[in-house]
Amino acid sequence: MLKTYLKTAWRNIARTPGYSTLNILGLAIGMGVALLIGLWVYDQYSYDRSLPDYGRLYRVQRNFYSNGDTLTFRSTSLRLGDVLRSQVPEIEYVAEGDYMYPHGLMVGDKKLYIDGGIVGGDFLKMFQYPLVQGNVGSVLKDAYSIVLTQSTAIALFGNEDPINKTVRFDNKNDLKVTGILKDLPANSSFNFNFLIPFSYLDQTDPGTRENRAGSFGNNGYQTFVKLKPGVEYDKVYPKIRNIEHTETNNTNAMLSYVTLQPLVRWHLYSIYKNGQDTAGFLEYVRMFSIIGLLVLLIACINFINLTTARSEKRAREVGVRKAIGSQRKDLIFQFLLESFLLTLISFFFSLVLVQIGLSPFNALTGSKIIIPFSNIGFWVLALTCVVITALIAGSRPAFYLSSFQPVKVLKGNIQIGKTASLPRKILVVLQFTCSVAFIISTIIVYRQIQYAKDRSSGYDLNRLMTTYSNVDLEKNFTALKNELIQKGIASTVTSSSSPATDIFWHTDIGWPGKSAGATIEMGAIRTTEDYFSTLGMTLKEGRNFTGRDDSTSVIFNEAAISRMRLKNPISQVITWGDSKFRIVGVVKDALMLSPFSHPDPTMFVCGRQVQGVVMYRLAPHIKTQEALTQLTAIFNKYSPSFPYKYEFEDRSYANKFFQEALIGKLSGLFAGLAIFISCLGLFGLSAYVAERRTKEIGIRKVLGASGAQIWLMLSKDFLLLVILSCVLASPLAFYFLDGWLAKYDYRISIGAGVFIMAAVMAVALTLVTISFQAIRAAAANPVDKLRSE
């Protein structure tokens, strides 16, 4: 019996190749979009979950109460790590860490400048990344040891066994290779190429030793903890919340409350509200999950509409089968089997489409997604989704067609009137409501990005380059600077503790008129005297650094002066730690962090030797490629132990728009696919309407109707449905997009023009889609249509 059902289903599919192609194509695209988004969503949710005991791993953070606001910081002190280790028995391991940034590794003539971590000795006992060589209990025990990833080991040693060989680190010390790690998975929150024990800094860096012996206020490190088995966070939190409050004379410590963020929330929860990680990239993951389901629903609506619209063609078949004894449940099973067969064919086509689209999609999103063909769980889930999709797409046609009464059908009395077409019209409106909402969203996202890009950044990033500093560049900075300027390669050169598009360090300061308990997490940047001229920043009042006797001078930006409420700031004295600084200038605000937010309050202090980055602006007359050739030679001259690497700051600034630009591109892509699927359905429906009204069109033409009148008659119903969809989509899109824009300090307002533009686009696409069938029907010879009458 099943074989007979399958044969009948296949014959019905093959009998109408045009409509079957529209159904398969629409479903294949819809299922492909859903599958692609599903793989991406799974990848986002799977971050760090491959690690054993991931549910017991946490990052230590501080909720800092500042002027009525709760600010959350990941930077902690070394003292806090020591206190957690000694005073909280529920914690199994504690590992401090420096922020992971590039360091120089050298073996012979092979030089790398790559990201790596300096971490506590228990780090790999907590984050159990697989070791290919070495023992987890001892690889980070020796202060002068280093653990490499496999790719880093190959880059430095080729096919040789690297264990017990030495690597020159930052051209300061030789470190012995004690372990080799597997390369980290793409969906890992960490991105290091090597690890060095934190005891290295304890032994070689006086500042680290001072900070470990210092106060809770020396926040410049990361701290990670692993709870003991069976210990819940709620049990630990009361013990650690006020653990810094023993320093009663330290305002920073007294206003800080220690909290833990679980490892599984690091990737998706990065936005904090009142000290809680409430949102982040998770919003976009959820949004695209909904988009994937809606695109699939739009494809299912196509199937439902095209199948029920052609019910007249199947009505006699239903009548005959019922007359010879078929029960309604048999017909329902037959139609659902046809739906399943079409869906299954569409699914295999969707796999082909996804496989083709994965490479550009991965390039766009920065992912490394693959279709897990060898995973049985994937096939079980995929087939389950196929069955569910087949039921959604085929249930209405199955129950609708099987409800026909055989006597009426065989007498030719069945009428497909307004009652039967009403559900179809509702589904078309639902389709285009979703599609128009996607169009509106794409336009809004694009405009928000452009609005922020058009905002004045406060500095000139054109031809501005950055190279991360190292021990050689710090020692030879003056000679490097002089040669770059004398040879006409750079017009200005400076060094700074942070690049132009970031602030690495925040601190608290004292200022005149500061009220009790008032605090500001002030961005702090150490610079040389040419900093503002190199970046093209403008002084609002006061003077620039001169380099002479400026060790106790400070310049603030406008945002800082506003937050401190200083009316006449020049020559006033502020305190930073144990030192006093005199305000010599106020610089106009620059967007060093988010281009969508208010400028961060920032202070600049001057020094002769500054660790961090070297920034230089290419001279206007020199070509970029020529400059890079000369820069490579000069940097290798003054920094022979490190490879020359650089960044253009305009590209770094453009990267700040990556997430929003990604959302805009994906929204545009899926909006286009949703519209395309909707138009496929509309094309099929318009063809059906033209076919069903063939004789009516012939009679109207004989009676004198023009081609334009015939076109309008066939088009107006569809146009009215699309216009209604635009009306419904506009308030829905406004509600969700207004909430999305609310998270930006600097944002556009949503005007009526966006909705009008989306409506015009939707109507234009509708006209293009249905006009082919309408014009074809209007141009046909009426004699051919009426010959059989």
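Residues are numbered from 1 along each chain as its sequence is written. Because the model is predicted, local features need pLDDT of at least 70 and side-chain atom pairs count only at pLDDT 80 or more, while totals for chains, interfaces and linings use all residues; side-chain values use heavy atoms, with hydrogens and water left out.

Let's start with the second largest pocket, which holds about 980 Å³ of space. A pocket here is an open set of points on a 1 Å grid over the protein atoms alone, with protein on both sides within 12 Å along at least five of seven lines, and lining residues have an atom within 4 Å of a point. The volume is the space filled by probe spheres set on the points, which are joined across faces, edges and corners. Of its 33 lining residues, Ala34, Leu35, Gly38, Leu39 and Leu381 are the closest to the centre. Who supplies the lining? At least two residues each come from α2 (17–45), α10 (282–309), α12 (328–365) and α13 (376–401), and α2 gives the largest share, with nine residues. (Helices are DSSP runs of H or I with at least four residues, strands are E runs of at least two, and both are numbered from the N terminus.) By class, the lining has 22 nonpolar, nine polar and two charged residues; Ala, Val, Leu, Ile, Met, Phe, Trp, Tyr, Cys and Pro count as nonpolar, Asp, Glu, Lys and Arg as charged, and the others, Gly among them, as polar.

A cavity is a set of grid points where a 1.4 Å probe fits but cannot get out, and the structure holds three of 30 Å³ or more. The largest cavity comes to about 70 Å³, and its lining includes Tyr113, Tyr468, Phe635 and Lys645. Seven nonpolar, three polar and one charged residues make up that lining.

The second largest cavity has a volume of about 60 Å³. Among its lining residues are Ser469, Glu474, Arg608 and Val613, and α16 (471–475) and β24 (613–618) are the elements that give two or more. Leu473 turns up in the linings of both of these cavities.

Leu430 belongs to helix α15 (residues 418–453).
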